[in-house]
Amino acid sequence: SNGIICLAVVSLALLLATEAALEYASFMEFKQRPEGAEALYNLALAEAAQGLDMSNPPYNPKTFVLNEKAGPPSQNILDAITAIATHKARSGNINAALPIYLSLLKARRYLSNKPPPSVVPKRKPTSVWGQFIETVSQPDYPPPPPDGTQPPWRSPEERCQEASLSLWIGEILFASSSKDDGLSWTRDSVDAAEEQLRNMDPLNEDKTAKKTCRECLSAGLDNWGRMVVKLAKEEEQH
């Protein structure tokens, strides 16, 4: 039982270290201190990569583009790399952000469509002696919480994260190289977020997944509207 407790503590520490670094980096960005934010995003990525075989790293250390040959990235790696790409995009470095976003979207789409197997509960003893033993025995500890070191599955929330990535890609393409491609990626993002919200069970679905999808849908519709207006104005000028 002590081993299970230690494992749970370590799992939580790994997850919190990455999350704390990402949250503090976001705060530094809000305070308009980009250099401090960048250092913290890199720290979060270093925490996420702890214990991994860096002879075949899950990402390119220079470009942060995910390495397909390294297998499915962990949740912590995905979160850290996504935050770095978004930081670069917000800082105006869209040429660096775009290939990262594309690699993230590809990696997420290759994740498993099935959730990991749930823990099967132990059968209750039926005999009187078995019930007595269970009563006087030390209770079972719950399994440790996810520590982010395993790849996620394509849950509704993950699919909404995919839609968010498409939204960023569309915005970058519209602003830099191809307005038609940017509009297409944005429309796909809106369609994906809308589909996930429509398919969610209103009673049982995760609130975080709903929040992610609603935010993506709202931002996508806003971007789509602004793009259409800009294209219409350009048509009038010609």
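Searching the whole structure turns up one disulfide, where the term means a pair of cysteine sulfur atoms within 2.5 Å. This is a predicted model, where local features need pLDDT of at least 70, side-chain atom pairs count only at pLDDT 80 or more, and totals for chains, interfaces and linings use all residues. Residues are numbered from 1 along each chain as its sequence is written, and side-chain values use heavy atoms, with hydrogens and water left out.

The bond runs from C160 to C213, S to S 1.4 Å. C160 sits in helix α6 and C213 in helix α8 (residues 207-237), so the link ties together parts 53 residues apart in sequence. Helices here are DSSP runs (H or I, at least four residues), numbered from the N terminus.

| Sulfur pair | Distance |
|---|---|
| C160 to C213 | 1.4 Å |

Now for the packing. A nonpolar core is a set of buried Ala, Val, Leu, Ile, Met, Phe, Trp, Tyr and Cys residues joined through side-chain atoms within 4.5 Å. The largest one has 34 residues, and those with the most contacts inside it include L45, Y59 and I81. Among the elements giving two or more residues are α1 (2-30) and α6 (156-176), while α3 supplies the largest share, eight residues. A second, separate core of five residues includes A163, A193, C216 and L217.

Note on methods
Buried means under 20% relative accessible area, exposed over 50%, partly exposed in between (1.4 Å probe, protein chains only).
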